[in-house]
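Hi,

Here is the structure I said I would pass on. Have a look at it first, and my notes follow below.

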Amino acid sequence: MPLNIIVVGETGAGKSSVINLLADKDVASVSSDVDTCTKAFAEHKFKVNSTEVCAYDTMGFSSAHVDSLSRLVPYEKACNLISSLKSKINIVLLCTNKDKLSITTQHVYHLFNDFFFDGTVPIVLVATYREKENSMDSWWGRNSKDISKFRLRFAGHACVTAQRSRGPGIDLRYQQSRNALVRLFGIATPHNEVVLNEPVYPLFNRLADATEILTETCGLSSKEAGLLTRKVNPLLRIANIVLFGETGVGKTSVINLIAGRNIAPVSSGVRGCTLDSKEYRLTANESHLRIFDTVGLNSPTVNQSDYLHAIKKAYKLIDALNRAGGVDLLLFCMRGGRLSDAQLKNYRLFQEYLCEKKVPVAIVVTHLEQEDNMERWWEDNGEDLRSFKIDSVGHACVTAINKNTHMFKERLEESRQTVLRLLRECVREPGTPFFMETEKWLSAFLKKMGHLVRGGNLPKMRAIREKLVEECRIPKESVNMIIEELQRQE
C-alpha cells in the first residue's frame, strides 16, 4: 500500500520543490513564474527508501481580494482532487515560504483540516527556502507562538531547503532537509486504518455549518462559501452505520475489531439507557465510515419510565442521523446461541420502527471463539433467523475477544477480515440513505415504540410533552404535532 501525500500551500511556496526533495530527483515541474505553476493537481509516484509514495502536487492558493474570481479557483481544484481520490490520504504537507505565518497559510490549514478531512488526517508544516538561515529550524522557533495562538495543531514540522550546493562533497543541508521530511512519514502510518474518533467538528455539524466554517476559518465570503458548499457536500458525505443489539453482545468490541485497535471502551456490563448512542469515525477498506454505537433493548418490553427516558436519547440519535445525511446500513450485533425475544424486539425497534424497513441490515454474530469453524454457526442457524423474518444482506460470524495468545490473535484477525469484507460488500458507496425531517421522524418512531410499552398504554401526554419541550428543546409547534400524532389511533 503506497503512502499518499497531498502537498498544499500558497502560490510560490515551493510545493513542487518539496516533492522533488522527497524523491531526490526532478519529478515535478518547478517554475519561478507563478502563471505556469501547477494549475490543478498532478500525481507523482516514486520511492523513498523502500516506501512507495504517491504525492499530489496542488494549485497554489493566493491572497487575492475576497471578491476576485480567481480566489475560488484553488478551492474548487482542491474539491476536484478530493473527489477524485481512490485511496485515503495519509498525510498533508502544508508548505510556506514566508518568514512569518501568513493568513493564507492559516486558511489553507483550516480548509483541509476542518473542512475536507475533519481533523482525521495529520497535517505537517514545511517551511521552505530556509537556506539563508543559520539554523533552518529557527523559523519554527520564531513562529511557534503564533501557531499556538491561532490553534493550528500541526502533527509535525520540517524547515528545509531544496537547493543543492554547487560545491564538492556531500550537500549536508540538502540531506538534512530530506531526512527531516522523511521522518514525518512516521506520523502518517500508512497501514494504520484508524482515524480520529473525536473529530474537530462532528461530521453532521461540518455539513450543516459548512458555510460558517468556510467564512470564519478559510477566508471565503458568504457567496463563495455557498458556491463551494453546494459543490463539495455530496463528496464529503460518508456512509452512516447504526450498530445495535442487546447489552453484552459485543458491539463496542466489534467497533474495535473494525478499527484494528481499541478506540471504543468495552462495557463492564452496566446497562445504559435504551437508544443511548455514541458516534465513532474511522476508515476501513479505504472508505470513511461513521458508526453510531447504540444501546438496545434488554427485554422484549419497556415500562412507561423507560419509554420516557428513551425520548431524549431517541431525539439525539435521530437529529444526529438526520444532520449526518441519513442511515445507509443497520449492523445487527447478536451473540451466537439461541434467538431470544429481546433480540427479535431489537431488530424490530431499529429496522421497522426507526428505519421503517427501508434500510438494509447486515448481521454480526459474536462470541464464536470456541467454534472450530465460526461460519458453521450461520449454516446451522441462518434459516431459523429467516423463519423469524430477520432478513439480512450479509453476515459475519466472528470473535472480538482480544487475548494475548497465538490462537486468539489468529481468530481475531480472521474475524476482522470477515467484518471488513462484509462492510465492503454492503457499503460500496454512500447511496440513497433513509432519513426524514427530525420532528416527523421522532414522531413516527415514538408512536411505533409505544407498541413495546407493557400493558399497551403510553405515559401521560403531559409527561411526554414535558420531555419534548424541556429536555429535547423542540419548538412548541412541533411538540403539538408529535402529541397529536401519538394520540391518533392506528
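Helices here are DSSP runs of H or I with at least four residues, strands are E runs of at least two, and both are numbered from the N terminus.

Before the rest, some housekeeping. This is a predicted model, so to speak: local features need pLDDT of at least 70, side-chain atom pairs count only at pLDDT 80 or more, and totals for chains, interfaces and linings use all residues. Residues are numbered from 1 along each chain as its sequence is written, and side-chain values use heavy atoms, with hydrogens and water left out.

On confidence (pLDDT is the predictor's own score for each residue, from 0 to 100), the protein chain has a mean of 85, and 86% of its residues reach 70 or more. The pLDDT is below 50 over residues 32-38, a stretch with eight contacts (heavy atoms within 4.5 Å) beyond near neighbours in sequence. Residues 190-197 are also below 50, but there the model has 29 such contacts. Where pLDDT is low, the predicted coordinates should not be read in detail.

Back to α10, residues 251-259: nine of its nine residues are buried, so the helix is largely enclosed by the rest of the structure. Buried means under 20% relative accessible area, exposed over 50%, and partly exposed in between (1.4 Å probe, protein chains only). Lys-251 is among the buried ones, as are Ser-253 and Asn-256.

Ser-177 sits in helix α5 (residues 172-183) and is buried too, at 0% relative accessibility. A polar atom of its side chain lies 2.9 Å from the backbone nitrogen of Thr-161. Beyond four places in sequence, Ser-177 touches Leu-21, Met-136, Cys-159, Val-160 and Thr-161.

Ala-28, in the loop between α1 (15-23) and β2 (41-48), is buried at 7%. Its contacts outside four places in sequence include Ser-16, His-44 and Asp-57. Ala-28 and Ala-55 are 27 residues apart in sequence and 9.8 Å apart in space, C-alpha to C-alpha.

Last, a helix pair: α2 (residues 73-84) and α3 (residues 103-116) pack at about 35°, with axes 12 Å apart. Axes are lines fitted to C-alpha atoms over the stretch in contact, and angles run from 0 to 180 degrees between N-to-C directions. Tyr-75, Ala-78, Cys-79 and Ile-82 in α2 meet His-107, Leu-111, Phe-112 and Phe-116 in α3.

Cheers

Definitions and conventions: A polar contact is a pair of N or O atoms within 3.5 Å; within protein, one must be able to donate a hydrogen and the other to accept it, and residues adjacent in sequence count only if both atoms are side-chain atoms.
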